[in-house]
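Take a look at the structure, and then we can walk through a few of its local features together.

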Amino acid sequence: MATRFTKQNTVEKKPLTKMCEQTHVKQMLKNVDLIKQAGIKIAEYRVDDGILVSSYIQKPILEDVIMEALKENNADEIYRLIDQVYREILQSSEQVSWKDNILYTLGLEIEENEEAFGPILKVGFLDMSFRNSFYCDGEILWFDQEWVLEAVPAKFILYYALTLLYYSYPQLEQCCPSPDVIKRYHMENAYEAFKEFQELFGYLVADEAQVVTGGTFLIDGMVDYISNVKKLMK
């Protein structure tokens, strides 16, 4: 999907292949309906000649709100925002039996453990991350909810969001060390299984070039912005 911001204050998401147009666009529209039915706020889309169109929303990204809290070394505020995200993850879908956990079905030899993995969501929205959400007057407004998995632990959705956040902003370790975060959300006994599952899922959906580029342009302060500009100019 290619994303374009227009002069008409809209955002367009254009499928780059015929298969994407036939499947991915429909899935995104379905996801919007499912999330709305769960009582969660999400940006609306319309389809215009196979292109998803939404209004441009001029609100801060939740990830940026967390970074502002980090500047003030406000761990309590960061944890409050993570808590809020996790509550909405839990709210996003009805639950199924712990024995239906997708991790038990992929040949990963993961031991069945109800307590370790917690609530299992009938549908898990992998894009419920800090980067795919606006923060509007204390409420979260989600957008770009593309990827879904069935019978997935709610804690894995949170784990996935946190790994993306900490990968992009390793300086978070100074304020909210990842071992403390893992302990706070009771992921100690599930961490290795989640890591293995994330790697498996990543191979299925990731663009290798995107992964390499992401590693090249990590940001840890203003000096990195200058360095990245120089990289792009070469």
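In which loop does D137 lie? D137 sits in the loop between β7 (133-136) and β8 (139-142).

## Ground rules

This is a predicted model, where local features need pLDDT of at least 70, side-chain atom pairs count only at pLDDT 80 or more, and totals for chains, interfaces and linings use all residues. Residues are numbered from 1 along each chain as its sequence is written, and side-chain values use heavy atoms, with hydrogens and water left out.

Helices (H or I, at least four residues) and strands (E, at least two) are DSSP runs, numbered from the N terminus.

Strands β7 and β8 run antiparallel and are joined by four bridges; two strands pair if DSSP finds at least two bridges between them. Across this pairing, F134 is opposite L141 in β8. The two strands form a hairpin with two residues between them.

In the turn, D137 has a positive phi of about 50 degrees, although D137 is not a glycine. For context, most residues other than glycine have a negative phi. D137 is also exposed, because its relative accessible area is 75%. The cut-offs are these: buried means under 20% relative accessible area, exposed over 50%, and partly exposed in between (1.4 Å probe, protein chains only).

What about the faces of β7? Both are covered: S133 and Y135 are buried on one side, and F134 and C136 are buried on the other. In a regular strand the side chains alternate between the two faces of the sheet.

D144 is found in the loop between β8 and β9 (148-153). D144 has a positive phi of about 50 degrees without being a glycine. Is D144 buried or exposed? D144 counts as buried because its relative accessibility is 17%.

## The three-stranded sheet

Strands β5, β6 and β9 make an open sheet in the order β5-β6-β9, with antiparallel pairing. Its edge strands are β5 and β9, each of which pairs on one side only. Strand β6 (residues 120-125) is joined to β9 by five bridges, and F125 stands opposite V148 in β9.

## A negative surface patch

E109 lies in the loop between β5 (95-96) and α4 (114-117). E109 counts as exposed because its relative accessibility is 79%. Together with E192, E196 and E199, E109 belongs to a patch of negative charge on the surface.

Patches are made of residues with over 30% relative accessible area and no salt bridge, with like charges joined within 9 Å. A salt bridge is a side-chain nitrogen of Lys or Arg within 4 Å of a carboxyl oxygen of Asp or Glu.

Terms used
Patch = residues over 30% accessible without salt bridge, like charges linked within 9 Å, V, L, I, M, F, W, Y side chains within 5 Å. Areas by Shrake-Rupley, 256 points an atom, 1.4 Å probe, with all protein chains shown as cover. Lys, Arg positive; Asp, Glu negative; His and termini not counted. Charge placed at Lys NZ, Arg CZ, Asp CG, Glu CD.
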